[in-house]
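Okay, thanks for having me, everyone. Let me put the structure up, and then I'll walk you through a few spots in it.

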Amino acid sequence: MNIPDTFSEKYIKHLDATYDCVDRIVLNAYFSMGMSPGGFRTWWRELTGGDETLDDTHLMRFAGRFSRRIQAYANREGIALAHCASKERKHELAEQYKPKDPSYKGVYCILAGRSPAPVYRVIPCNNGQMHIERKKPYPYVNHYSFYIMDPDWGAIVIKICPHPPFTAQIILNGHEYVARQAVKEGISFTKEGNCFTRLSNAADFGRIADAMRTLSSVGRMSQVCERWIYSSCLCFALTLDEQRKSIFRYSYSVYQAEYSRNLIFTRGRTMDEVFQSIIDRSRSPLNIKTIKTIFGYKRRPYHKDKQGKPPKVEAVVERPVYDLTIFKVHLGKLTVKIYSKGERVLRIEAIAHNTNELGCRKSIGRFGEVASALKSLLERFLEVLSGIDCPFLNDETLDKWPLPSMVGATRVGGIDVNKLRIRSAMEAVVALSLRPHGFTTSDLAAKVQQIMDTSDCPYQPRQASYDLKKFRGKGLVRKIEKSRRYEITVNGLRSITGFLFFRHKVMVPLLAGNGKPLSSCQTENQYKLDIHYRKVQIQMQHILNELKIAA
């Protein structure tokens, strides 16, 4: 069994299998020529032969013709056509229309709903000319979602706007594709919802799932888009002859993507214990308190959304339904989360709600880069979980920390963990460790100031720079090449979290009761951890008495 990370390696004896899979994929389909006013006017001339009919009235007629044609098609073919409210979950409504016949192929449901879309308007000028521009803000118009059963991809969704230039979105499910390919290769499996819970041949199954990240997946995604979008969706706005006449062709880009790592445990109880321990141990080391954040930014170098709100930066524990817990970490429009699927599967997932945040190209030909970026984000998240879930300190680590060290040709002081400033800097580095592109000295200074909460003696970026030099000298932090940003090392994360965990969870609770008389009264419903602390405190009292340290 291939174990790709240290987090999974720790539980290898409890695992039946593990596999990676690209989950939900959302592609934007757009007509390149029609995205600019000049190109749109050129396309209109190819379609109609001139500019005489280029006005708002003729543009609006496309939407009306689309609606009439799709209504007639649905009545003739006996396909469900429904209009949904803005807050209604369309995929749940479409699920009841899903065909029972496994060999069904084609459209099985059409749902309409309103959402914003780029719509052109024509403004006549005094000189007899015209001006074409997009309406701002984008108006809310009807969109039609076609639910289609594809032989290779299973259920796919194509959402199209009936107004020129007929922008569309295609939603694909990587798990459905892998399931159908596994059936073709004779691999048996048990699937619950969007999750595989048992595999007869984990190695071959993993090979099929890994193919979703290769260059060949680009061709398969392009094929399924081309197979349906023109003949089953766009044809209600432009006939096939009109499409050929105006040379209307879609281009595709990756808008959203999800990448998951699935650990299939031998026993469901073991999986639940592992997951619950991760949540319990992550609260203190990740500094999840009042604001529930692990990044520690008051201001972040990202643009605000359309409503002027800053990006969401938080770590939360959600319980949407009974017996389901989801640990999420949000960073703008990126999310990593860990949760249970079924009885024995622990899923770790990285989500890009907008692939602009990944810093890579979005065209469908670059899908491999998008998947690799999500995989890197997921593995970085697992590194942090690995350091928190099972922290440890190497031999003589604490003895070497206070000693001076060298950073290049510069001699820097050691790390004195007895100082509040150093401990606060350590906590800040851990809190910023999940930042995908590292952090700056200003980010560290802001976070340390928040942790120390001392306005009389502010922690400046120059102090953060000096403390980072100390951390670099001990190999706890490294500088990202060709940048002014820093990131924590794997061993550094384990060492720091190990020290902080031991100090906060062992030393502080035990020493807090040292020398104080232990109360004999006990409550009926004591927490297990409190019972263990009490037992250790009693034994420490006996040891100190024997050593003549405490009376």
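So, where is the place of Ile-247? Ile-247 sits in the loop between helix H8, residues 240-245, and strand E11, residues 251-265. Before I go on, keep in mind that this is a predicted model.

What's the backbone doing there? Ile-247 isn't a glycine, yet its phi is positive, about 55°. And is that residue buried or exposed? Exposed: Ile-247 has a relative accessible area of 57%, and anything over 50% counts as exposed.

Now go along to Lys-482. Here we have a positive phi in a residue other than glycine, with a value near 55°. Lys-482 also belongs to a loop, the one between strand E18 (477-479) and strand E19 (486-488). With a relative accessible area of 89%, Lys-482 is exposed.

Okay, on to the prolines. Which bond joins Lys-136 and Pro-137? A cis peptide bond, with omega at about -5°. You'll find Pro-137 in the loop between strand E5, residues 130-134, and strand E6, residues 140-150.

Then there's a proline pair. The peptide bond running from Pro-164 to Pro-165 is cis, and omega there is near 10°. Pro-165 falls in the loop that links strand E7 (154-160) with strand E8 (168-173).

Last stop: a pair of helices. At what angle do H13 and H14 pack? Helix H13 covers residues 441-452, helix H14 covers 461-473, and they pack at about 105° with their axes 8 Å apart. Angles from 65 to 115 degrees count as roughly perpendicular, so that's how H13 lies relative to H14.

Who's touching whom? On the H13 side you've got Thr-441, Ser-442, Leu-444 and Ala-445, and they meet Pro-461, Ala-464, Ser-465 and Leu-468 in H14. Sort the contact of H13 with H14 by class and you get 5 nonpolar residues, 3 polar ones and no charged ones.

Definitions and conventions. Residues are numbered from 1 along each chain as its sequence is written. This is a predicted model: local features need pLDDT of at least 70, side-chain atom pairs count only at pLDDT 80 or more; totals for chains, interfaces and linings use all residues. Side-chain values use heavy atoms; hydrogens and water are left out. Helices (H or I, at least four residues) and strands (E, at least two) are DSSP runs, numbered from the N terminus. Buried means under 20% relative accessible area, exposed over 50%, partly exposed in between (1.4 Å probe, protein chains only). Axes are lines fitted to C-alpha atoms, for helices over the stretch in contact, and angles run from 0 to 180 degrees between N-to-C directions. Angles under 35 degrees count as roughly parallel, over 145 as roughly antiparallel, 65 to 115 as roughly perpendicular and the rest as oblique. Contact means heavy atoms within 4.5 Å. Ala, Val, Leu, Ile, Met, Phe, Trp, Tyr, Cys and Pro count as nonpolar, Asp, Glu, Lys and Arg as charged, and the others, Gly among them, as polar.
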